[in-house]
Amino acid sequence: PAELSSLCNLEFLGYYNNAISGQIPAQFASLQALTTLEASNNRISGTLPAELSSLCNLEFLGYYNNAISGQIPAQFASLQALTTLEASNNRISGTLPAELSSLSNLEYLGYYNLSLIHI
């Protein structure tokens with residue numbers, strides 16, 4: 001829930017393997033100590049909030065096996081600490097933003113079973 005955004009020292013937020021529905025709250029962008037956001041294997045829908053791009057300590061962003069649609073925000077290129085971006089098995093479409101090539105710490109990019117036009 002969006003109320004978690006008041007936990008300013010939270011480093012790990014994992015709510016995977018549940019039946020959680022709804023959207024990823026844009027308010028999570030206030031969790032500036034967050035290094036891991038793991039929301040996989042749920043029923044999350046909507047688009048990815050571009051506001052998450054302000055999470056400068058985020059190393060792991062996982063939201064595979066959901067119903068997220070739209071595009072991966074180009075603003076995610078500002079997540080310079082990011083080592084893992086796992087977006088597979090969603091309804092994401094469009095193109096993979098070229099800006100993501102600036103993520104010099106990125107070690108794993110999971111984007112299989114999406115509706116991308118081209119990479």
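Where is Asn65 found in this structure? In this predicted model, Asn65 is found in the loop between strand 5, residues 60–62, and strand 6.

## Two asparagines with positive phi

Asn65 has a phi near 60 degrees, which is a positive value in a residue other than glycine. With a relative accessibility of 29%, Asn65 counts as partly exposed.

Asn89 also has a positive phi in a residue other than glycine, with a value near 55 degrees. Asn89 lies in the loop between strand 7, residues 84–86, and strand 8, residues 91–95. The relative accessible area of Asn89 is 22%, and Asn89 is therefore partly exposed.

## Gly70 in strand 6

Strand 6 comprises residues 67–70, and Gly70 has its place there. Gly70 counts as partly exposed because its relative accessibility is 22%, a value that falls between the 20% limit for buried and the 50% limit for exposed.

Setting aside residues up to four places away in sequence, Gly70 touches Thr47, Arg91, Ile92 and Ser93. The C-alpha atoms of Gly70 and Gly46 are 7.6 Å apart in space, whereas the two residues are 24 residues apart in sequence.

## Glu38, a buried acidic residue

Glu38 lies in strand 3, which spans residues 36–38. Glu38 is buried and yet has no salt bridge.

The side chain of Glu38 does make a polar contact, at 2.5 Å, with the side chain of Ser40. With residues up to four places away in sequence not counted, Glu38 touches Leu13, Gly14, Tyr15 and Tyr16, and also Phe60, Gly62, Tyr63 and Tyr64.

## The aromatic pair

The structure holds one aromatic pair. Tyr15 and Phe28 form this pair in an edge-to-face arrangement, with 6.4 Å from centre to centre and 75 degrees between the planes. Tyr15 lies in the loop between strand 1 (12–14) and strand 2 (21–22), and Phe28 lies in the loop between strand 2 and strand 3, so the pair ties together parts that are 13 residues apart in sequence.

Both members of the pair, Tyr15 and Phe28, are buried. Tyr15 is also among the residues that Glu38 touches.

## The nonpolar core

In soluble globular proteins, nonpolar side chains tend to be buried together. The largest nonpolar core in this model has 27 residues. Ile24, Leu37 and Tyr63 are the residues with the most contacts inside this core.

Apart from neighbours within four places in sequence, Ile24 is in contact with Tyr15, Ile44, Leu48, Pro49, Leu52, Tyr63 and Ile68. One of these partners, Tyr15, belongs to the aromatic pair with Phe28. Another, Tyr63, is touched by Glu38.

## The segment before strand 1

Ser5 lies in the segment before strand 1. Ser5 counts as buried because its relative accessibility is 19%, and the limit for that class is under 20%. Leaving aside neighbours within four places in sequence, Ser5 is in contact with Gln27, Phe28, Ser30 and Leu31. Among these partners, Phe28 is a member of the aromatic pair.

Leu7 also has its place in the segment before strand 1. The relative accessible area of Leu7 is 41%, and Leu7 is therefore partly exposed. Between the C-alpha atoms of Leu7 and Pro97, which are 90 residues apart along the chain, the separation is 31 Å.

## The loop between strands 8 and 9

Glu99 lies in the loop between strand 8 and strand 9, the latter being residues 108–110. Glu99 has a relative accessible area of 42% and is therefore partly exposed. Beyond neighbours within four places in sequence, Glu99 is in contact with Ala74 and Ala77. The C-alpha atoms of Glu99 and Ser5 are separated by 27 Å, and the two residues are 94 residues apart along the chain.

Leu106 is likewise found in the loop between strand 8 and strand 9. The relative accessible area of Leu106 is 22%, and Leu106 is therefore partly exposed. Leu106 is in contact with Leu82, Thr83, Thr84 and Leu85, leaving aside neighbours within four places in sequence. From C-alpha to C-alpha, Leu106 and Tyr63 are 16 Å apart in space, and they are 43 residues apart in sequence.

Technical notes:
Residues numbered from 1 in each chain as written. Predicted model: local features only at pLDDT ≥ 70, side-chain atom pairs only at ≥ 80, totals over all residues. Heavy atoms only, no water. Helix = DSSP H or I, 4+ residues; strand = E, 2+ residues; numbered from the N terminus. Buried < 20%, exposed > 50% of the residue type's maximum accessible area, 1.4 Å probe, protein only. Contact = heavy atoms within 4.5 Å. Lys, Arg positive; Asp, Glu negative; His and termini not counted. Salt bridge = Lys/Arg side-chain N within 4 Å of Asp/Glu carboxyl O. Polar contact = N/O pair within 3.5 Å; in protein donor to acceptor, adjacent residues only side chain to side chain. Phe/Tyr/Trp six-rings, centres within 6.5 Å; stacked < 30°, edge-to-face > 60°. Core = buried A, V, L, I, M, F, W, Y, C linked by side-chain atoms within 4.5 Å.
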